[in-house]
Amino acid sequence: MDENNKKLVAATSAVLKYIQQEEEEIIYSQPCPAAAQAPSVKLRLWGLSGRQAQMQMRNLMQMKAFHGAKFL
């Protein structure tokens with residue numbers, strides 16, 4: 001294979017790779033039809049607040065923030 005053929009093969013493969021990447025970007029940029037039909041999730045603030053408080057309490061206990069404290 002001479003030098004010109006190597007350059008031609010390299011340029012062709014680079015162009016094909018670029019075109020393939022552009023096609024993938026187009027496919028991934030389109031919205032998913034299954035996601036459009038998914039039901040909306042109702043946000044429940046009381047439940048979210050309760051779970052957040054529990055996680056915060058566990059985190060404080062893990063950091064031993066209550067070490068030595070006496071709760072009556």
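Accessible areas were computed by the Shrake-Rupley method with a 1.4 Å probe, and for residues only the protein chains shown count as cover. On this basis the protein exposes about 7500 Å², of which carbon and sulfur atoms supply 61%. The structure is a predicted model, in which local features need pLDDT of at least 70 and side-chain atom pairs count only at pLDDT 80 or more, while totals for chains, interfaces and linings use all residues. Residues are numbered from 1 along each chain as its sequence is written, and side-chain values use heavy atoms, with hydrogens and water left out.

Of the 72 residues, 0% are buried (under 20% relative accessible area).

Together with Val-15, Leu-16 and Tyr-18, Ile-19 forms a nonpolar surface patch with about 400 Å² of accessible area in total. Members of such a patch have over 30% relative accessible area and no salt bridge, with nonpolar side chains joined within 5 Å; a salt bridge places a side-chain nitrogen of Lys or Arg within 4 Å of a carboxyl oxygen of Asp or Glu.

Turning to H3, this helix covers residues 45-62, and just after H3, Lys-64 takes a positive phi of about 60°.

Notes:
Helix = DSSP H or I, 4+ residues; strand = E, 2+ residues; numbered from the N terminus. Expected span 1.5 Å × (residues − 1). Patch = residues over 30% accessible without salt bridge, like charges linked within 9 Å, V, L, I, M, F, W, Y side chains within 5 Å. Buried < 20%, exposed > 50% of the residue type's maximum accessible area, 1.4 Å probe, protein only.
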